[in-house]
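Trainee: Please pick one part of this model and take me through it closely. Then show me how it sits among its neighbours.

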Amino acid sequence: MTTQINQVEQKHVFLDENGQPIEVRPSTRTKNYEAKKTSMWTRLKNPLGTIYLPEILSAVCEEETMDDKLKMIRAWWVRDPKNAELMRTFILATYHPGVKFAFPKCKPPFHYNDCTDFGMAPNTLFKAVRKLKLLSDGPDKITNVTKRENMLIQQLETLYKVEADLYLMMVFKEIDQEVYPGIDEDFLRTAFSAVLPPKK
């Protein structure tokens, strides 16, 4: 009996007073640790915790019916006033015909931030979109081309990789359908009809 217990303990299994193995929660510091994925519907019902724009867009893409897609993205919109502000800016920057960015449609020379998850980067998409007015052809535009490009690179390098990619999609005014299939102008017009002016 003692030999069996020793063999079990050598495999890093802990036993209770009856000799039964005790389930030990894996350390989150382990290199290959993966947290259990919580359903987006469950997360939306929880008033705590941030759901980032790339997360909700990816979750919407996974829904099978248009009705569920619309319900999910609208639930995210009303969950937090910041979400509504971010989504409104996202839609206007990407699809409003009056918003134009003077950048070539190729990735600028920047390095992705090496953070490993949302919220760990020094910048967030919510803060970064407020700088878009400095990058677009409007009254607040940075007129010096070099300074404007440097501002774009600075925003990209301080964002989490997934948010940086989405930021570039806004600047290029096109959502990558391989990354977010089905998230396009028609879908966003259907979900939030009052944001964009009517199509001509």
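Mentor: Take helix H9, which is largely enclosed by the rest of the structure, because ten of its twelve residues are buried. Buried here means under 20% relative accessible area; exposed is over 50%, and partly exposed lies in between (1.4 Å probe, protein chains only). Helices are DSSP runs of H or I with at least four residues, strands are runs of E with at least two, and both are numbered from the N terminus. The model is predicted: local features need pLDDT of at least 70, side-chain atom pairs count only at pLDDT 80 or more, and totals for chains, interfaces and linings use all residues. Residues are numbered from 1 along each chain as its sequence is written, and side-chain values use heavy atoms, with hydrogens and water left out.

H9 covers residues 161-172. Its end C-alpha atoms are 17 Å apart, which agrees with the 16 Å that twelve residues should span at 1.5 Å a residue. The expected span is 1.5 Å times one less than the number of residues. The buried residues are Glu163, Ala164, Asp165, Leu166, Tyr167, Leu168, Met169, Met170, Val171 and Phe172. An α-helix has 3.6 residues a turn, so residues three or four places apart point the same way. What packs against the buried residues of H9? Five helices do: H3 (53-62), H5 (81-95), H6 (125-128), H7 (132-135) and H8 (145-157). Contact means heavy atoms within 4.5 Å. After H9 comes lysine 173, with a positive phi near 60 degrees.

Now the partner H5. H5 and H9 pack at about 45 degrees, with axes 6 Å apart. Axes are lines fitted to C-alpha atoms, for helices over the stretch in contact, and angles run from 0 to 180 degrees between N-to-C directions. The two helices are therefore oblique to each other. On that scale, under 35 degrees is roughly parallel, over 145 roughly antiparallel, 65 to 115 roughly perpendicular, and the rest oblique. Phe90, Ala93 and Thr94 of H5 meet Leu166, Met169 and Met170 of H9.

Look at threonine 94 in H5. Threonine 94 counts as buried, at 2% relative accessibility. Beyond neighbours within four places in sequence, threonine 94 is in contact with Met169, Met170, Lys173, Glu174 and Ile175. Lys173 is the residue that follows H9.

H5 itself has 15 residues, which should span 21 Å at 1.5 Å a residue; its end C-alpha atoms are 21 Å apart, which agrees. Its buried residues are Asn83, Ala84, Leu86, Met87, Phe90, Ile91, Ala93, Thr94 and Tyr95. Their cover includes H3, H4, H6, H7, H9 and helix H10 (185-191).

H8 also packs against H9. Its 13 residues reach 18 Å from first C-alpha to last, close to the expected 18 Å. Buried in H8 are Arg148, Met151, Leu152, Ile153, Gln155 and Leu156. They pack against H6, H7 and H9.

Step out to H4. The axes of H4 and H5 come within 5 Å and cross at roughly 120 degrees. H4 and H5 are therefore oblique to each other. Ile73, Trp76, Trp77 and Arg79 of H4 meet Asn83, Ala84, Leu86, Met87 and Arg88 of H5. Tryptophan 77 counts as buried, at 16% relative accessibility. Leaving out residues up to four places away in sequence, tryptophan 77 touches Asn83, Ala84, Met87, Arg88, Phe192 and Val195. Tryptophan 77 and phenylalanine 192 lie 115 residues apart in sequence but 9.5 Å apart in space, C-alpha to C-alpha.

H3, which packs against H9, also pairs with H4 (residues 66-79) at about 165 degrees, axes 9 Å apart. H3 and H4 are therefore roughly antiparallel to each other. Leu53, Ile56, Leu57, Ala59, Val60 and Cys61 of H3 make the contact with Lys69, Met72, Ile73 and Trp76 of H4.

Finally, the whole chain. The protein has ten helices and two strands. Along the sequence the pattern is α-β-β-α-α-α-α-α-α-α-α-α. Of its 200 residues, 36% are buried. Among contacts between residues at least 6 apart in sequence, 67% join residues at least 24 apart.
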